[in-house]
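Visitor: I would like to go through this model with you. Could we begin once it is on screen?

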Amino acid sequence: MPLFFVYTYNLAYSGKYKMKPRKTIDHPNGYVQTVYYGKCDYCGGYYEGAGEKFCGNSCSVRNRYETTNKIEIDKNTHDVIEGTLFSDAHLELGNKNRNINPRYRFKQAEKSKEYVEYVAKYFGLENKIVHMLNKHKPTDLVKIDTIDCRFKTCSSKDLQKYHQRWYINKIKIIPEDFDPNPECLLHGYLGDGYLYKGNMKTYTYPYPVFCTDSFTAEDLQNSFIDPLENNYGIYARFLWYKGRPRIAIRRKSFDDFFNFIGPCPVSCFQYKWPEKFQKQPA
Ligand SMILES: [Zn+2]
């Protein structure tokens with residue numbers, strides 16, 4: 001065995017380059033070439049060549065996103081993520097090579113900026129809120145410019161499990177294990193709810209409504225109405241709006257519902273609470 005071959009062979013197994021020989025190629029001139037594989041630090045796969053840490057740019061980017069973009073998610077933040085995903089929040093996956101992990105986005109109209117600040121605090125991003133002017137398009141029905149107020153997190157591996165549960169083919173669904181606990185339900189109501197005031201003439205009583213138009217009736221029945229009734233004793237029903245399913249809290253659960261979610265945490269949405277459940281001014 002020629003000396004140079006012993007040397008490279010030993011180097012390959014010394015661990016320094018994490019290589020293993022892949023194959024030898026016998027060249028017609030008698031030269032025997034050994035092709036080595038390096039082992040990727042991220043995916044563990046072998047690749048041709050040596051001295052690099054990752055098999056390609058994709059693995060090196062993934063590795064960077066996972067080690068640097070950490071989001072601390074405690075129980076409260078978890079409930080806020082779940083409750084806002086049930087209403088207005090989105091998780092988006094960026095360009096497949098550059099932003100592998102999802103980021104969380106949340107926005108409201110400018111007049112509800114207090115609520116955006118409230119949600120952003122759970123992520124420590126209350127100073128990262130941006131205000132955006134949305135110019136109306138010629139095709140818009142309402143020809144006015146609006147301002148909204150939004151924030152987004154970094155793309156983080158810590159959000160991966162939420163994306164897996166809440167999205168199928170980029171469409172938001174309600175996960176089977178969704179728990180409409182008080183904090184979740186509060187954010188669902190803050191974001192997507194309104195209080196139907198009732199109508200004295202037609203003897204209809206007031207009830208809270210969730211504008212759940214984007215979800216399917218089946219998801220809403222199995223992952224919202226059923227657990228709400230079975231686990232928390234709050235009764236809800238469908239309220240169809242332009243062929244889309246919305247949810248109304250039943251009359252018998254009216255007080256239970258507002259006792260369950262507690263007082264409104266932000267002044268901009270006080271109007272969604274009935275008077276007797278509104279916070280008394282201090
Ligand atoms: Zn790799």
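Visitor: Which strands does helix α7 lie across?
Guide: Helix α7 (residues 217-232) lies across β12 and β13, and runs at about 10 degrees to β13. Axes here are lines fitted to C-alpha atoms, for helices over the stretch in contact, and angles run from 0 to 180 degrees between N-to-C directions. Helices (H or I, at least four residues) and strands (E, at least two) are DSSP runs, numbered from the N terminus. Residues are numbered from 1 along each chain as its sequence is written. This is a predicted model, in which local features need pLDDT of at least 70 and side-chain atom pairs count only at pLDDT 80 or more, while totals for chains, interfaces and linings use all residues.

Visitor: Which residues of α7 are buried?
Guide: Ser223, Phe224, Ile225 and Leu228 are buried in α7, meaning that 20 or more other C-beta atoms, placed from the backbone, lie within 10 Å of the residue's own. The buried residues of α7 pack against β12 and β13; contact requires C-beta atoms, placed from the backbone, within 7 Å.

Visitor: Where is the kink in α7?
Guide: The kink is at Asp226, shortly before the proline Pro227, and amounts to about 35 degrees. The bend at a residue is the angle between axes fitted to the seven residues ending there and the seven starting there. Just after α7, Gly233 has a positive phi of about 70 degrees.

Visitor: On to the sheet. What is the strand order?
Guide: The order is β10-β11-β13-β12, in an open sheet of four strands with antiparallel pairing. Because β10 (193-196) and β12 (236-241) have a single partner strand each, they stand at the edges, with one side left without a neighbour in the sheet. From one strand to the next, the twist averages 35 degrees.

Visitor: How many bridges join β10 to β11?
Guide: Four bridges join β10 to β11 (residues 207-210), and Gly193 has Phe210 in β11 as its bridge partner. Strands count as paired if DSSP finds at least two bridges between them. Two bridges link β11 and β13, with Val209 partnered by Ala248 in β13. Six bridges connect β12 and β13 (residues 244-249), where Tyr241 stands opposite Arg244.

Visitor: What does Val116 touch?
Guide: Not counting residues up to four places away in sequence, Val116 touches Phe106, Lys107, Gln108, Ile129, Cys149, Arg150 and Phe151. Val116 and Ile129 are 13 residues apart in sequence and 7.9 Å apart in space, C-alpha to C-alpha.

Note on methods:
Contact = placed C-beta atoms within 7 Å. Buried ≥ 20, exposed ≤ 12 C-beta atoms within 10 Å, placed from the backbone.
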